[in-house]
Amino acid sequence: MELIDRYLALVGFGETGWGTLLLSASAMTLGVSICGFLAGTILGSVVTFMKLSRYIVLRWLADAYTTILRGVPDLLVIYLFYFGGSAFLGYLGGLFGYQGFIGMPAFLTGTLALGVVSAAYQSEVFRGAFKSVASGELEAASAVGMRPWPKFRRIVAPLVLRYAIPGLGNTWQLVLKESALISITGLVELLRQSQIAAGSTRRPFEFYLTAIVLYLVITWASSIAFRHLETRTMRGTRSSL
Amino acid sequence: MDIAFMWETFLILLTGLPLTLELAATSIFAGGILALIISLVAVVGGPVGRGFTRGYVFVFRGSPLLVQMFLIYYGLGQFRPLLQELGLWAIFREPYWCAVIALTLNTAAYTSEIFRGGLNAVSVQQVEAARACGMSGPLLFRRIVLPIAIRHALPAYGNEVILMLKATALASVITIMEVTGLAGKLIADSFRAFEVFIVAGAIYLAITFLVTRLMMIVEFWLSPHLRMRPPTLA
């Protein structure tokens with residue numbers, strides 16, 4: 001009991017205030033993950049279209065993108081955007097005679113890095129989903145006289161989304177956990193906030209344990225959300241089993 | 001693009017390669033053994049064993065590896081007197097061993113799920129056939145269940161090995177100077193992120209390429225029944 005009291009005095013919402021800070025840092029973790037994931041969806045869709053393109057150069061480029069981004073540690077990609085982005089901005093500023101750039105905004109770095117990495121995974125998910133669309137459905141759409149764009153918007157896209165949701169769920173969990181790496185850029189998300197708290201109270205064990213629990217809550221909640229989404233989008237389909 | 005600088009970078013990063021491979025090999029090996037134990041507990045341990053393994057897998061797959069590493073490296077340092085008493089301080093003092101422990105515990109969670117899938121994929125008929133031949137216990141497990149399970153699990157296991165190779169990069173955050181650690185330092189010193197990224201990325205790509213080929217060879221070697229028979233025997 002004494003242990004719990006001491007823990008609550010340290011991490012709780014009392015005068016120390018670490019609890020509130022940790023919760024708002026969790027919100028920041030969610031924010032940068034969501035932005036990174038959405039950026040990855042947009043870029044991933046482009047890469048998917050390249051993979052399904054009839055031009056071999058585009059297919060080849062898209063495959064190279066996926067191979068490289070999945071074969072390189074994500075920490076390196078973050079380093080690239082963190083240091084490289086700053087150098088690039090500084091160079092751009094220099095062109096316009098402005099010397100004041102110090103660094104990339106950490107949130108932007110996180111969004112870009114998570115987006116670029118998750119696009120590689122998401123494009124594979126989307127490609128698999130495209131392959132799952134039955135050719136009969138496409139033929140049926142053509143048979144009733146749908147032109148390519150309405151066919152894509154009203155038939156293909158909803159089906160692709162439906163097939164992609166389990167894979168997207170995996171990718172989302174990946175991005176969520178990867179967002180902890182953004183702490184090296186100084187963005188105050190959950191891990192960084194825990195580092196700050198651990199440093200100033202000299203109680204790292206309690207704070208990192210709390211961080212793990214908070215991450216577990218977030219990943220657990222999002223797995224429930226994705227399962228819910230999956231059952232909703234599968235509504236109206238008969239199970240083949 | 002400065003070729004001379006990139007060559008210099010390459011030579012520097014290469015000195016970190018043994019450490020990266022060592023970290024990966026140690027934790028994959030130890031994690032594999034731990035995962036085998038965990039998945040056995042899950043299959044034969046009854047409800048208690050299942051609950052324990054499910055909790056273990058949930059915690060280690062649901063939270064970021066970097067936080068687990070920080071918890072072990074910085075968090076356990078808080079219990080220094082106790083660890084010194086137990087004689088474990090020599091291990092938890094070293095960032096290298098803390099990284100190995102974190103990587104091992106983390107990969108064991110993923111690998112145990114892969115092994116569990118492999119063990120579940122061994123069909124009842126195959127076990128029955130072995131029993132009909134009079135095999136039981138460890139012999140049945142060693143000769144029938146384990147080889148079949150490994151064969152089923154191998155493709156997914158290859159993915160996990162590659163993920164672990166990349167995960168060793170996180171050790172750089174707790175001051176270990178392997179390839180990514182050196183790359184990070186070089187970038188911070190020279191501010192030439194792009195060149196260093198290309199070189200470091202190429203090194204990692206080369207290793208993962210070799211590992212995927214190696215996995216393909218092992219898979220070929222483990223599945224003689226799927227290979228084409230020589231035409232003379234047909």
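Is the crossing of H3(A) and H5(A) left-handed or right-handed? The views below, drawn from a predicted model, take up this crossing and then turn to the annotated segments and the contact between the chains.

**View 1. The crossing of helices H3 and H5 in chain A.** Helix H3, which spans residues 56-71 of chain A, and helix H5, which spans residues 106-132 of chain A, have axes that come within 9 Å and cross at roughly 125 degrees. H3(A) and H5(A) are therefore oblique to each other, and their crossing is left-handed. From H3(A) the contact draws on A:Tyr65, A:Thr66, A:Leu69 and A:Arg70, while the residues that H5(A) brings to the contact include A:Val116, A:Ala120, A:Tyr121 and A:Glu124. Sorted by class, this contact of H3(A) with H5(A) consists of seven nonpolar, two polar and two charged residues.

**View 2. Segments of chain A annotated in UniProt as "transmembrane region".** The annotation, which comes from an unreviewed entry, covers residues 20-50, 71-92, 98-121 and 207-226 of chain A. Over residues 20-50 of chain A the model is 100% helix and 0% strand, with the end C-alpha atoms 45 Å apart. Over residues 71-92 of chain A the chain is 91% helix and 0% strand, and here the end C-alpha atoms lie 30 Å apart.

**View 3. The interface between chain A and chain B.** In this interface, 37 residues of chain A are in contact with 36 residues of chain B. The area buried between chain A and chain B is about 3,100 Å², and carbon and sulfur atoms give 82% of this area. Of the area that chain A buries against chain B, A:Leu76, A:Lys177 and A:Phe205 supply 19%, more than any other three residues.

Technical notes
Residues are numbered from 1 along each chain as its sequence is written. Chains are lettered from A and ligands numbered from 1 in the order in which they are written. This is a predicted model: local features need pLDDT of at least 70, side-chain atom pairs count only at pLDDT 80 or more; totals for chains, interfaces and linings use all residues. Side-chain values use heavy atoms; hydrogens and water are left out. UniProt positions are given in the numbering used here, feature names are shortened, and annotations may be inferred rather than shown by experiment. Helices (H or I, at least four residues) and strands (E, at least two) are DSSP runs, numbered from the N terminus. Axes are lines fitted to C-alpha atoms, for helices over the stretch in contact, and angles run from 0 to 180 degrees between N-to-C directions. Angles under 35 degrees count as roughly parallel, over 145 as roughly antiparallel, 65 to 115 as roughly perpendicular and the rest as oblique. A crossing is left-handed if the near helix is turned anticlockwise from the far one by less than a right angle, and right-handed if clockwise. Contact means heavy atoms within 4.5 Å. Ala, Val, Leu, Ile, Met, Phe, Trp, Tyr, Cys and Pro count as nonpolar, Asp, Glu, Lys and Arg as charged, and the others, Gly among them, as polar. Buried area is the accessible area (1.4 Å probe) that two parts lose on being put together, summed over both.
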